[in-house]
Amino acid sequence: MKYKEVYERAAARLQQAGVEEAALDARLLLEEACGTDRNTLLAHPDRMLSEEERTSFEKMVSAREKRIPLQQITGYCDFMGLRFYVNQDVLIPRQDTENLVEEAMRYLHDGMRILDVCTGSGCILLSLLRYSNGCKGIGIDLSDEALSVARKNAEALELSGQASFFQGDLFAALVSAGREEKFELLVSNPPYIRSDVIETLMPEVKDHEPRMALDGDADGLIFYRRICREALPYLCGGARIVFEIGYDQAADVSGIMEEAGYRGIETIKDYAGNDRIVTGVYFG
C-alpha cells in the first residue's frame, strides 16, 4: 500500500475511535514505523510500505485506537528539546511543565543543589542539570518503577554522575538514603488533581497513566501542604521552591506557602494564559 493511502485510513480509524488529534497522531505513528519525517507525506505520497513497516504501523494504530497514549506507544517524549524515555509507570511530560523548568532556570546558578520532589520520569531535574553547569540534584518518588525510568533517562542524557534518585514517601526517601544535605532549589510537579475529577479525564490519562502521579486527594492540595511543611529542614536559607499547579489552585497554594513561612510568593501563567506556577523563597 502507498504511504498516503495508509496514512488516510489510519487517520479515519483514529478519528472514529475518538482520538483528539487523529490526523497528527496517524502521521507521527507512520513516521515512527517507517523511519520517515513530516516531509514524506507531501513529497513522497506514493512511497510503498514494506511488509515490516505495515505490520509495525498496524500494531501502533491498533494500540492508539485503544486510547493508549502516543508517547507510550513510541516509548519516548520530547521535552525541553530533549528526548525522554516514558512508559506506563510515569506521567507523560507536558508542555505546561516546560513553564516550570523555564521559571526555575531564572534562579539557577552554577553549582547549585536541586531537589525534585515527585520526580517521575526525571524530566524536570534532568532538564535543569542539562542546561546548567556544575549542578547536582536528587529526584525522589514513591514509585520504584518511575525511578527506574528516571535513571534510564539520566544515563541516556549522560547525567548519571550529577543526578541521584531515591524511593520513599516524599522526604522519607532522603532519610532512608542517609542524605542530610540542604538544597538551594526545590522543584515539584506533584499530583494535584482532585480524586473525584480523575474519572472525568480523557481515557489516555485516567486509564493509562499512573493514578499516584495524578491524585492529589479530595481537594488536590495534600502534596503542597506536605511538601511546604516537610521541606523546611532540607532547604538552605534563601532557597527557592517552584511548584506546578492546576489552573485554579494559585490562591490556595500561595496561602499554603505563606502559612509555612515562604515569602516573595508569585504566580506565573502558562502559554495559554492559565495560572501554572507558584514560586517563593524560604529565608530560614
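A crossing of two helices is right-handed if the near helix is turned clockwise from the far one by less than a right angle, and left-handed if the turn is anticlockwise. In the predicted model described here, helix α1 passes helix α2 in such a right-handed crossing. Two packed helices are described by the angle between their axes and the distance between the axes. For α1 (residues 3–16) and α2 (residues 22–34), the axes come within 8 Å and cross at roughly 135°. The two helices are therefore oblique to each other. On the side of α1, the contact is made by Tyr-3, Val-6, Tyr-7, Ala-10, Ala-11, Leu-14 and Gln-15. On the side of α2, Ala-22, Ala-23, Asp-25, Ala-26, Arg-27, Leu-30, Glu-31 and Cys-34 take part. Divided by class, this contact comprises 11 nonpolar, 1 polar and 3 charged residues. An α-helix has 3.6 residues a turn, so residues three or four places apart point the same way.

Helix α2 also packs with α4, at an angle of about 145° and with the axes 9 Å apart. The crossing of α2 with α4 is right-handed. In α2, the residues that meet α4 are Asp-25, Ala-26, Leu-29, Leu-30, Glu-32, Ala-33 and Cys-34. Their counterparts in α4 are Glu-53, Ser-56, Phe-57, Met-60, Val-61 and Arg-64. The contact of α2 with α4 contains 8 nonpolar, 1 polar and 4 charged residues.

The loop between α4 (51–65) and α5 (70–74) holds Arg-67. Most residues other than glycine have a negative phi, and most peptide bonds are trans. Arg-67, by contrast, has a positive phi, near 70°. Its relative accessible area is 14%, and residues under 20% count as buried, so Arg-67 is buried. Another positive phi in a residue other than glycine, about 60°, is found at Glu-158. Glu-158 is placed in the loop between α8 and β5. Its relative accessibility is 71%, and values over 50% count as exposed, so Glu-158 is exposed.

Strands β1 (residues 76–79) and β2 form a hairpin with 2 residues between them. Met-80, in the turn, has a positive phi of about 55°. The two strands pair in the antiparallel sense over 4 bridges, and Phe-79 stands opposite Leu-82 in β2. Side chains alternate along β2 (residues 82–85).

Strands of a sheet pair through backbone hydrogen bonds, either parallel or antiparallel. An open sheet of 7 strands is present, with the order β5-β4-β3-β6-β7-β9-β8 and mixed pairing. At its edges stand β5 (163–167) and β8 (263–269), each with a single partner strand, so one side of each is left without a neighbour in the sheet. Neighbouring strands are turned by 15° against each other on average, with direction ignored. Helix α8 (residues 144–156) packs on this sheet and touches β4 (136–141) and β5. The direction of α8 makes about 170° with that of β5.

Within the sheet, β7 (residues 235–244) and β9 (residues 275–282) pair in the antiparallel sense over 6 bridges. Phe-243 stands opposite Val-278 in β9. Strand β7 also contains Ile-241, which is buried at 0% relative accessibility. With its neighbours within four places in sequence left aside, Ile-241 is in contact with Leu-186, Ile-227, Met-257, Tyr-262, Val-278, Thr-279 and Gly-280. The C-alpha atoms of Ile-241 and Glu-53 are separated by 47 Å, and the two residues lie 188 residues apart along the chain.

The loop between β3 (113–117) and α7 includes Thr-119. Thr-119 has a relative accessible area of 5% and is buried. Apart from neighbours within four places in sequence, its contacts are Gly-139, Ile-140, Asp-141, Leu-147 and Phe-165. In helix α7 (residues 123–130), 7 of the 8 residues are buried, so the helix is largely enclosed by the rest of the structure. These buried residues are Cys-123, Ile-124, Leu-125, Leu-126, Ser-127, Leu-128 and Leu-129.

How values were computed: Residues are numbered from 1 along each chain as its sequence is written. This is a predicted model: local features need pLDDT of at least 70, side-chain atom pairs count only at pLDDT 80 or more; totals for chains, interfaces and linings use all residues. Side-chain values use heavy atoms; hydrogens and water are left out. Buried means under 20% relative accessible area, exposed over 50%, partly exposed in between (1.4 Å probe, protein chains only). Two strands pair if DSSP finds at least two bridges between them. Axes are lines fitted to C-alpha atoms, for helices over the stretch in contact, and angles run from 0 to 180 degrees between N-to-C directions. Contact means heavy atoms within 4.5 Å. Angles under 35 degrees count as roughly parallel, over 145 as roughly antiparallel, 65 to 115 as roughly perpendicular and the rest as oblique. Ala, Val, Leu, Ile, Met, Phe, Trp, Tyr, Cys and Pro count as nonpolar, Asp, Glu, Lys and Arg as charged, and the others, Gly among them, as polar.
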